[in-house]
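Hi,

Here is the structure I promised to pass on.

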Amino acid sequence: MTYQSGWITDDVQLFRKTVRQFIHREFAPHQARWREQHGPDAQAWLKAGGVGLLLPDVPEEYGGGGGTFAHEAVVLEELARAGVHFGSGIQSSVGRYLIAYGGEEQKRKWLPRMGSGELVAAIAMTEASAGSDLQALKTMARRESGHYVINGSKTFITNGAQAGLVCLAVKTEANVARMRGISLIVVETEELRGYRVGRPLEKVGMHGLDTCELFFDEVRVPLANLLGTAEGNGFSQMMEQLPYERLQISVGAAASAELAVALTTRYVRERMAFGKPLMDLQNTRFKLAECKTQAQIGRVFLDSCIERFIVGSLDDASTAMAKYWLTESQCQIIDECVQLHGGYGYMLEYPIARMWADSRVQRICAGTNEIMKELIAWSL
Ligand SMILES: Cc1cc2nc3c(=O)[nH]c(=O)nc-3n(C[C@H](O)[C@H](O)[C@H](O)COP(=O)(O)OP(=O)(O)OC[C@H]3O[C@@H](n4cnc5c(N)ncnc54)[C@H](O)[C@@H]3O)c2cc1C
């Protein structure tokens with residue numbers, strides 16, 4: 001019997017079928033164009049919202065799918081398996097911030113429009129001089145007649161160019177201990193004076209994802225857009241929610257590693273060298289056996305993390321282990337698979353070459369793997 005993930009119930013399996021068909025029909029054929037234009041078509045968000053691909057784990061009363069992280073994982077897996085870059089994971093991540101800290105009015109105002117794809121969301125924490133050291137961020141928000149007035153800039157922001165809603169990390173108080181001065185403010189960007197989006201950043205991979213800088217010059221946002229009941233909670237809110245993003249990345253990493261093994265197995269059965277398929281060479285079989293084993297070990301650990309997350313018992317150290325180990329493993333497996341493709345593995349027309357370029361950032365995003373090791377070490 002083949003291994004089955006325990007979190008895939010009949011309902012989740014049915015959802016996977018819909019998601020897979022949709023991605024295959026509506027997203028996969030447009031990938032070359034999305035890569036060229038540095039992001040998906042604006043219409044793609046509405047189409048995704050129409051089939052329930054956005055906010056699958058947000059309650060239905062707020063315009064979400066009413067599912068669990070299993071539904072979110074299915075979307076991420078199917079995107080990875082189709083080689084499609086689409087920032088729905090960031091949309092879900094912002095959805096979680098709103099569910100966790102948003103007031104009733106904020107939830108009703110933004111979540112249904114995010115679920116339908118009318119509103120694209122981004123989360124903007126990173127700055128030129130504040131990445132791993134988030135507490136060093138400099139973007140300031142000062143209070144002035146019923147508004148926050150925001151000045152500063154953010155970089156590497158996924159969904160940045162298309163975002164109508166930015167969950168923004170700012171300093172609301174400069175004269176307190178660094179982490180206590182940070183707050184999260186929700187910025188509605190449409191026709192917002194002083195708000196500017198930079199040009200798309202030229203990345204090594206993930207070309208179909210919209211990633212850019214955001215600039216704030218005396219941008220006025222109502223005080224009511226603060227997330228949470230008081231200023232100064234932004235850092236702890238991010239620390240509470242980043243594990244969700246790390247689990248999302250782990251899901252994509254595992255799916256991508258599995259895909260690499262499948263694609264390469266197919267390739268080496270067909271590619272001939274010295275009068276026989278590459279698969280007949282012992283080195284090929286051994287390398288693929290190693291990759292398959294590594295992918296399977298990762299899958300089993302990830303599945304246990306997903307199951308624990310769904311019931312609310314996943315600890316931060318285990319999430320960090322998943323993010324660190326699965327993304328390192330993804331890069332190792334894909335690199336071996338490139339080697340088994342020979343020169344074709346270096347040609348961007350072959351999926352494995354794009355996967356190699358795309359995978360590298362996984363070890364950096366949502367907290368670098370070095371930071372993950374710090375988190376694991378703190379738990380010892
Ligand atoms: C494609 C892409 C998309 C992204 N999307 C978003 C987004 O949507 N929103 C957002 O806010 N950010 C986003 N980021 C930013 C990402 O989260 C940061 O790049 C990441 O947190 C690392 O920060 P940094 O780039 O400033 O590196 P640095 O913090 O400068 O790190 C450089 C090196 O030093 C190491 N290092 C730093 N501190 C320590 C330490 N204490 N111990 C050991 N080693 C350490 C790091 O591990 C790394 O190897 C994105 C980045 C990329 C590349």
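**How α9 meets α11**

The axes of helix α9 (residues 316-341) and helix α11 (residues 369-378) come within 8 Å of each other and cross at roughly 145 degrees. Axes here are lines fitted to C-alpha atoms, for helices over the stretch in contact, and angles run from 0 to 180 degrees between N-to-C directions. Helices (H or I, at least four residues) and strands (E, at least two) are DSSP runs, numbered from the N terminus.

Before I go on: this is a predicted model, where local features need pLDDT of at least 70, side-chain atom pairs count only at pLDDT 80 or more, and totals for chains, interfaces and linings use all residues. Residues are numbered from 1 along each chain as its sequence is written, and side-chain values use heavy atoms, with hydrogens and water left out.

Back to the pair. Which residues make the contact (heavy atoms within 4.5 Å)? From α9 they are Ala-317, Ala-320, Met-321, Lys-323, Tyr-324, Thr-327 and Glu-328, and from α11 Asn-369, Met-372, Lys-373, Leu-375 and Ile-376. Sorted by class, that gives seven nonpolar, two polar and three charged residues. (Ala, Val, Leu, Ile, Met, Phe, Trp, Tyr, Cys and Pro count as nonpolar, Asp, Glu, Lys and Arg as charged, and the others, Gly among them, as polar.)

α9 itself has 26 residues and reaches 37 Å from its first C-alpha to its last, close to the 38 Å expected at 1.5 Å a residue (1.5 Å times one less than the number of residues). Just after α9, Gly-342 takes a positive phi of about 60 degrees.

**Thr-319**

Thr-319 is also in α9. The residue is buried at 3% relative accessible area (buried is under 20%, exposed over 50%, partly exposed in between, with a 1.4 Å probe and protein chains only). Its side chain reaches the backbone oxygen of Asp-315 at 3.0 Å. Not counting residues up to four places away in sequence, Thr-319 touches Pro-243, Arg-246, Leu-247 and Leu-314.

**Some loop residues**

Two residues other than glycine have a positive phi. Asn-159, at about 70 degrees, is in the loop between β3 (147-158) and β4 (165-171) and is buried at 2%. Ala-366, near 55 degrees, sits in the loop between α10 (351-359) and α11 and counts as buried at 14%.

Glu-118 is in the loop between α6 (104-116) and β1 (121-124). Its C-alpha is 8.1 Å from that of Gly-49, 69 residues apart along the chain.

Cheers

Terms used: Polar contact = N/O pair within 3.5 Å; in protein donor to acceptor, adjacent residues only side chain to side chain. Contact = heavy atoms within 4.5 Å.
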